[in-house]
Amino acid sequence: MKRTILLADMNAFYASVTQVLEPQLLGKPLLIAGNPEKRHGIILTASYEAKKRGVKTGMPIWEAQIYCPQAILRPPNYPAFLDFSYRVLQILQDFSPLVEPYSIDEAFIDLTGTETLWGPPLQVGRTIKKRIKEEIGILCSVGIGPSKAIAKMAADLQKPDGLVLLSEQDLPQRLWPLPIDNLFGVGQRMKKHLYNMGIRTIGDLAQTPVELLTQRFGRVGTRLHEFAHGRDSSPVDPHALDKVKSIGHQITLPHDYTKKEAIKIVLLELAEAVCRRARLSNYQGKTVSLYVRGNDFSDLNRSASLHEPTAYPPAVYHLALKLFQQYWFPNKPVRLLGISLSNLTCSKYQQLSLFAPEEKLYTAIDEIKNKFGEKSLLRGSFLLEEGVFYNDEKY
Amino acid sequence: MKITATKENLLFGVSAVQKAVSNKSTLPILTCIKLEVQNEKLYFSATDLEIGIQCHVPVEVVTEGMTIVPAKYFSEIVRKLPDSLITLELVNEHELIIEYEKSQLNLKTFSPDDFPQLPDVEAGVKLEISAAELKQMINQIVFACSMDERRPLFTGVLCEIENKQLKMVSTDTHRLALKQGKLKKGAKKPLSFIIPGKILSELSRLIQNEEDICYLSISENLATFLLDNILVVCRLLEGQFPNYRQVIPTQYNSKIKANTKLLSEAVERISLFSLNSDTNTVQIKVEDNLMIIFSQSELGQGYEQIFIENEGEPVEIAFNYRYLLDVFKVLATDFFTIEFTGSLSPGIIRPLENDDFLYLILPVRS
């Protein structure tokens, strides 16, 4: 059956929410960015007023200020962003039970079969835009198409405040002339690979024999070719985000770390944070992944598995440290560290253990933290200069 | 060096030392076997620096000497040789000629100077135990050792000696096995040490002749086992084994007597439904004289009922089925007892009318 999928993409979401909360900022160039002192000072979102002057997401603050000196800076207010995101989802759920939150500011809605209720898709798009603008106060771009991939690309065609409907027949004319990184699923790295093959536009990719792409990129290659032709059978899954696949944390260090002792403290902080979150949602994980970024922006991503699933920091920390020592060049400066726990199981069933002091210890720690807050009980080493999670009193 | 030996004897030698050959070492010499001819015997030695094994076989000696051969190639060659007399001769210092029937192989060898010396085993407390008894003890407890190198102590077996009594304890923190045995020659002072479980498994494999006596020597950080013509040396694990006595309950609320084979087969069938689940759990319920073993997953569900004898309260508990099947394999009696104190407390399994073995298994909270 022919499907009708709609994607609603909130425009400059972090900036728009901040402007709703502080109406005096409306119509002014606004930058949402992290704390520059801790080197989190990159632009997370710029309002359209700032974007017009050349500010782009991901720029460091100082560079953005060259383009737009009068811009107003605000730190991200994540609780408010989550709250607004949730309210948008509630509006969308009025139109179909099949709503898939795709990220904090985007959601897919499967409108198949709702025509008699809400009218033709373009009309639904207009109604959704109107309601989000009136009830929440922010603008969004809506893309409509026969698949998730097409809806997403349609939404990207007109920003801000767009409304685009694409059918499969429109693709050669509207999408194929666009640069390849406009294709759903193509990031910077994939763009480079495709450029090396002489593929510059979505059309180029669509005309490339699928065998060649599959041979070069495996299943990903096949999928990209399908997307270029607008074929994407993946369903809109309202529970896509319910199944947690991994729990992770990463942090940019306030300055590049080279000393192993300092890196160990941050790894322990990360392991504690990840495990605490796992325990709060009753998960245990078996696979530990370590993510390291060097001062030259080189990446390292390595995973290893534990003997049995855990939600306690010692095992996670030891494995992460082992991965670090095994794969990172000694003394190479580190800019960013991250740990994530995956291969998760729900700890409804829990094998009990002998001689396992961690179980009792962390039950007690959790009770204290639940009652008195996350900062009520810390390891001493976290308060050292090298600690990054709890040394933020200045900010 | 030049000798003549049977294929059978050569094969015995290479397979005995095989487990001590390192297979991933950065030191190439540790992936080798040392061959040494002395006193009418051919000695095979190998070590990965954690375990060392030496064994000897009778051969016909022309000239004495020694050489180092790459274990993988030499073992493969020996395995494929015909059942006949084999002549080994070292020529030009670095070439071993292997002659059989009308054929000849030349294998390049390493210099013996770099091969690590097996530690001297003279010092230490001397003990003796029947090889058959040692083998049985090892087999009843070694499976409960942990494989997790993060807590190395639990990859080992705690041995406690008092007079002529030997106690072996192993645990991976989810279950614990304890076995008592008798030494032929004990120690004057109480003694306790931890031997890597892997090495005991290998020792058990090496015990072929049950009439042998195993001579142990325990020093500060080394253990050696001498069996007829095989010598095993290993490093002891350092550290303090936790107090296992503390975790073994002294009382129970219900004690069940069951048939080992019946229950084992029932658990094996029912556990098919927990094969792919995260915890491999089977649930057990005891009411009056009936034990119900139950399991369910997305694939389906099933239960079995078997008759048992129960003195005490009804029971409801869940276990990892693997931990149950493991112990059923080594229980040497037709019947066993299992004691319970609650659904979150360990179950204690003992063979019937035999109190030298105990297996503690912690439940799964469900």
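## Chain contact and sheets in a predicted two-chain model

User: In this predicted model, in which sense do strand β13 of chain A and β25(B) pair?

Analyst: Strand β13 (residues 350–351) of chain A and β25(B) are joined over two bridges in this predicted model. Within that pairing, Gln351(A) has Val364(B) of β25(B) as its bridge partner. The sense in which the two strands pair is antiparallel.

User: How much area do chain B and chain A bury between them?

Analyst: The size of an interface is often given as the accessible area lost when the parts come together. Here the contact takes 26 residues from chain B and 17 residues from chain A. Of the area buried between the two chains, 60% lies on carbon and sulfur atoms, and the total is about 1,900 Å².

User: Which residues of chain B lose the most area to chain A?

Analyst: The contact draws 26 residues from chain B, and the area that the two chains bury between them is about 1,900 Å². Three residues together make up 32% of what the chain B side buries, and those that lose the most area to chain A are Arg150(B), His174(B) and Arg365(B).

User: How many residue pairs are in polar contact between chain B and chain A?

Analyst: Between chain B and chain A the count of salt bridges is zero. For polar contacts, with both residues at pLDDT 80 or more, the number of residue pairs between these chains is eight.

User: Which elements give two or more residues to the side of chain B that touches chain A?

Analyst: By class, this side of chain B has 12 nonpolar, nine polar and five charged residues. The elements of chain B that contribute two or more residues to it are β17 (281–287) and β25 (364–365).

User: Why is one side of β19 and of β21 of chain B left without a neighbour in the sheet?

Analyst: The sheet is open and antiparallel, with four strands in the order β19-β18-β17-β21 (chain B). Neighbouring strands in this sheet are turned by 20 degrees against each other on average, direction ignored. One side of β19 (300–307) and of β21 (315–320) of chain B has no neighbour because each stands at an edge, with a single partner strand.

User: Which residue in β19(B) stands opposite Met291(B)?

Analyst: Strand β18 (residues 290–297) of chain B runs antiparallel to β19(B), and eight bridges join them. Across from Met291(B), the residue in β19(B) is Ile306(B).

User: At about what angle to β18(B) does helix α5 of chain B run?

Analyst: Helix α6 (residues 321–330) of chain B packs on the sheet by touching β17 and β21 of chain B, with its direction at about 85 degrees to that of β21(B). Helix α5 (residues 260–270) of chain B, in turn, lies across β17, β18 and β19 of chain B, and its angle to β18(B) is about 20 degrees.

User: How far apart in sequence are the parts that the pair Arg131(A) and Asp94(A) ties together?

Analyst: Over all chains, 30 salt bridges are found; one of them joins Arg131(A) to Asp94(A), with the closest N and O atoms 2.9 Å apart. Arg131(A) lies in helix α6 (residues 121–136) of chain A and Asp94(A) in the loop between α4 (78–93) and β5 (99–103) of chain A, so the parts tied together are apart in sequence by 37 residues.

User: Which residue in β3(A) stands opposite Leu31(A)?

Analyst: Three strands of chain A form an open sheet of mixed pairing in the order β3-β2-β4. Strand β2 (residues 30–33) of chain A pairs with β3(A) in the antiparallel sense over three bridges. Opposite Leu31(A), the residue in β3(A) is Ala46(A).

Definitions and conventions. Residues are numbered from 1 along each chain as its sequence is written. Chains are lettered from A and ligands numbered from 1 in the order in which they are written. This is a predicted model: local features need pLDDT of at least 70, side-chain atom pairs count only at pLDDT 80 or more; totals for chains, interfaces and linings use all residues. Side-chain values use heavy atoms; hydrogens and water are left out. Contact means heavy atoms within 4.5 Å. Buried area is the accessible area (1.4 Å probe) that two parts lose on being put together, summed over both. A salt bridge is a side-chain nitrogen of Lys or Arg within 4 Å of a carboxyl oxygen of Asp or Glu. A polar contact is a pair of N or O atoms within 3.5 Å; within protein, one must be able to donate a hydrogen and the other to accept it, and residues adjacent in sequence count only if both atoms are side-chain atoms. Ala, Val, Leu, Ile, Met, Phe, Trp, Tyr, Cys and Pro count as nonpolar, Asp, Glu, Lys and Arg as charged, and the others, Gly among them, as polar. Two strands pair if DSSP finds at least two bridges between them. Axes are lines fitted to C-alpha atoms, for helices over the stretch in contact, and angles run from 0 to 180 degrees between N-to-C directions.
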